[in-house]
Amino acid sequence: MNHDPDPHYDVAIIGAGPCGATAARYAAEDASTILIDKKKTIGAPVQCAGFLPKYDELEELMPDAGLPDTFHYPASCVYTETKYQRFIAPTGDSKEFDVDANVLDRKRFDQYLAERAVSAGADLRIGTRVTAIDGKSIEIAGMWGNHTITADVIIGADGPSSIVAKAAGLPGIRAGTDDDPMGVAHAIAYDMTGVEIDNEAIEMHFGRNFVPGGYAWIVPHGGTSANVGMGIRKAMCEPGVTFRDYLHRFIKEHPIASEKLKGGKVTSVIAGMVPVGGAPAKTCAGNIMIAGDAAGHLIATNGGGIPTAMVAGKIAGETAADVVNGRCAIEEYESRWRSEIGMQITTSVYVRKLMDGMMRSDSMMTAVMNMISPAHMKALQRGQLPDAVKRLLKGMQRRMG
Ligand SMILES: Cc1cc2nc3c(=O)[nH]c(=O)nc-3n(C[C@H](O)[C@H](O)[C@H](O)COP(=O)(O)OP(=O)(O)OC[C@H]3O[C@@H](n4cnc5c(N)ncnc54)[C@H](O)[C@@H]3O)c2cc1C
């Protein structure tokens, strides 16, 4: 049973998603740690399709990162396994490449990660919202009462609308920035059952009539179930057409997808924001660090954020313990995460911006997809930019003016 929280912790972590729970698992080894989440049930409601490449793929995705041991999770967290990632161009032409991946039951996965944090010694407070932060002082309110606690180091792992980033005066990522107004995507998805899909492949469909400025996905959940959704950029939507309208249009009218989805019934509605603008120039200030979606730690070309959030969480948790034990200054966090995953995040934003231009025209998008090899597509998905693809995209960009 949860007791009143201690008045003081070495480390307080706001947000018990993949980032915060991993941070807590590492910080708690060497520092008194509290992990706080406003959700009454960890992981619910789910705001994710659950696609996570397997360990070997993650090593190739983030070759300079020390992967957290939380990437070793039990089979009970996995709905199904997939082998391929398939891209479908606006014309219907498709290309695919191998990716060994698990599709997670995100609710179960997040709960497993929280269990790991508690096993490492972290205090856990669910149903508790952080309402204000002032220096070391944290106001919390919720089902266990209202308290003020203090912490020497605070980690904001509280997602794209981070209150912690705001409290620290760090630039928010919610609205994008003036020079990157497309830096936030809106995601909407349905869990569906009764669909007839390829259970070995996740599919990514492109075409501006169906998904303006993004892609629609079909992620198998095993059997006749799947998560069907899309990430869209508002600036590219037709006036008066809602995100839900686009998703319904895709499910009912897309020439390929509608054939697979037409018998399906919706069992759950999922929505959220995806920060695809990259990380701000500063991710720590005073006694605060931000990590995961809160810090734009995400691969912008596909909106996948679980791997980078967990690596950033490990780095933040370890750095917090180092700081309170006098082993380093908090600024060390900045250089640590940038050396481990900074390149992938920055490159993926650069590629995303190039692709944004192509997505304005279906014929251009189809031409690009026809010209890029499956191996190079996989590299782009990993936040890499092979020279040949860079030349191609730059050339196309010049042609578009
Ligand atoms: C529809 C959708 C589908 C996606 N699909 C995929 C996918 O298939 N694969 C993939 O890799 N990524 C996917 N993503 C992205 C992925 O979900 C995120 O990148 C990932 O969850 C980031 O983890 P995080 O721990 O940083 O943040 P989150 O998982 O968002 O966790 C933040 C936590 O902070 C808590 N919180 C927020 N504010 C407060 C507060 N004031 N007080 C207390 N607690 C607070 C929230 O309740 C939440 O639990 C998807 C995103 C969306 C929206």
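1. In this predicted model, 21 residues of domain 1 are in contact with 22 residues of domain 2; contact is counted when the C-beta atoms of two residues, placed from the backbone, lie within 7 Å. On the side of domain 1 that touches domain 2, β3, α2 (55–61) and α3 (106–119) each supply at least two residues. The largest share, 3 residues, comes from β3. By class, this side of domain 1 divides into 10 nonpolar, 6 polar and 5 charged residues. Ala, Val, Leu, Ile, Met, Phe, Trp, Tyr, Cys and Pro are taken as nonpolar, Asp, Glu, Lys and Arg as charged, and the others, Gly among them, as polar.

2. The domain assignment of the protein chain gives domain 1 (8–74 + 106–177 + 276–348), domain 2 (79–104 + 182–273) and domain 3 (362–400); the bounds come from an automatic or database assignment. Between the C-alpha centres of domain 1 and domain 2 the distance is 28 Å.

3. An open sheet of 8 strands runs in the order β3-β5-β4-β11-β12-β13-β10-β14, with mixed pairing. Its edge strands, β3 and β14, each pair on one side only. Neighbouring strands are turned by 30° against each other on average, direction ignored.

4. Val78 has Leu104 of β5 as its bridge partner.

5. Helix α5 (residues 243–253) lies across β10, β12 (215–222) and β13 (225–232), and runs at about 130° to β13. Axes are lines fitted to C-alpha atoms, for helices over the stretch in contact, and angles run from 0 to 180 degrees between N-to-C directions.

6. Which residues are closest to the ligand? They are Gly15, Gly17, Gly272, Gly292 and Gly305, in a shell of 37 residues (C-beta atom, placed from the backbone, within 6 Å of the molecule). Elements giving two or more residues to this shell include α1 (18–27), β7 (128–134), β14 (265–275) and α7 (306–324). The shell has 19 nonpolar, 12 polar and 6 charged residues, and draws at least three residues from each of domain 1 and domain 2.

7. Residues are numbered from 1 along each chain as its sequence is written. As the model is predicted, local features need pLDDT of at least 70 and side-chain atom pairs count only at pLDDT 80 or more, while totals for chains, interfaces and linings use all residues.

Notes: Helices (H or I, at least four residues) and strands (E, at least two) are DSSP runs, numbered from the N terminus. Two strands pair if DSSP finds at least two bridges between them.
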